[in-house]
Amino acid sequence: MLWPFNHFRKPRTPPRGTIEAIYGMIVTQAREPSFYRNLGVSDTVNGRFDLLILHLWMVLQRLRPMAGGGALAQALFDRFCEDMDGNLREMGVGDLTVPKRMQAFGEAFYGRAAAYDLALREGAEALAQALCKNILNGGQIDQARRLAAYAEAALAELAAQDDSSILAASWKFPVPDSCPTSRSDREAATP
């Protein structure tokens with residue numbers, strides 16, 4: 001029997017452990033040294049923030065179409081916001097300034113996510129251009145192409161996982177500097 005007042009209940013939120021595991025994977029991958037050493041990302045607060053946003057965007061792409069994916073995506077984004085808030089406070093940013101900085105973080109995320117969404121629809125070169133602009137400060141297009149190849153490989157890896165693997169955080173991001181950049185490179189890499 002259906003309880004007539006179920007619609008008054010607060011919607012189920014994903015288990016905290018699931019969110020922590022997935023967010024932990026995102027943060028760990030965004031700190032991978034090869035991004036900074038081999039792909040031209042500056043090893044600064046801004047460079048790390050940009051990679052965190054890129055990885056969060058990729059995972060959110062995969063979560064949205066899942067059953068209950070909207071709630072999971074929201075919980076993951078909320079965890080990102082909690083992390084940013086905590087980092088600001090750890091750095092000594094005052095209570096009155098934190099909301100302004102959080103708004104700037106939100107704008108940065110949504111702006112980059114919109115640019116990546118559009119670029120993904122337009123193809124590899126558009127994605128490379130978007131990554132070049134947002135992560136590599138408009139320079140190093142060859143490195144941006146390698147970063148775009150990595151993003152495409154990561155998105156393909158996420159898409160290949162079933163929902164239970166995603167929820168169990170039992171998948172891995174590809175190795176950042178092992179993704180071929182051109183079609184001929186990709187064909188040569190496949191046996």
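**Entry 1: arginine 48**

I started with arginine 48, which is partly exposed at a relative accessible area of 33%. For the record, buried means under 20% relative accessible area, exposed means over 50%, and partly exposed lies in between (1.4 Å probe, protein chains only). Before going on, I noted that this is a predicted model, where local features need pLDDT of at least 70, side-chain atom pairs count only at pLDDT 80 or more, and totals for chains, interfaces and linings use all residues. I also noted that residues are numbered from 1 along each chain as its sequence is written, and that side-chain values use heavy atoms, with hydrogens and water left out.

What does arginine 48 pair with? I found a salt bridge to aspartate 43, with the closest N and O atoms 2.8 Å apart. A salt bridge here is a side-chain nitrogen of Lys or Arg within 4 Å of a carboxyl oxygen of Asp or Glu.

**Entry 2: other salt bridges**

I looked up the total, and the structure holds six salt bridges. One of them joins the side chains of arginine 79 and glutamate 20, at 2.7 Å from N to O. This pair links distant parts of the chain, 59 residues apart: arginine 79 sits in helix H4 (residues 69-90) and glutamate 20 in helix H1 (residues 16-30). My helices (H or I, at least four residues) and strands (E, at least two) are DSSP runs, numbered from the N terminus.

Is arginine 79 buried or exposed? Arginine 79 counts as buried, because its relative accessibility is 16%. Glutamate 20 comes out at 31%, so I put it down as partly exposed.

Next I checked arginine 145 and glutamate 125, whose side chains meet in a salt bridge at 2.9 Å, N to O. They too link distant parts of the chain, with arginine 145 in helix H7 (residues 141-160) and glutamate 125 in helix H6 (residues 124-134), 20 residues apart. Arginine 145 is partly exposed at 31%, and glutamate 125 is partly exposed at 36%. Salt bridges with shared partners join Glu125, Asp142 and Arg145 into one network.

What does valine 59 touch, leaving aside neighbours within four places in sequence? I listed Ile22, Ile26, Leu76, Leu158, Trp171 and Phe173 as its contacts, where contact means heavy atoms within 4.5 Å.
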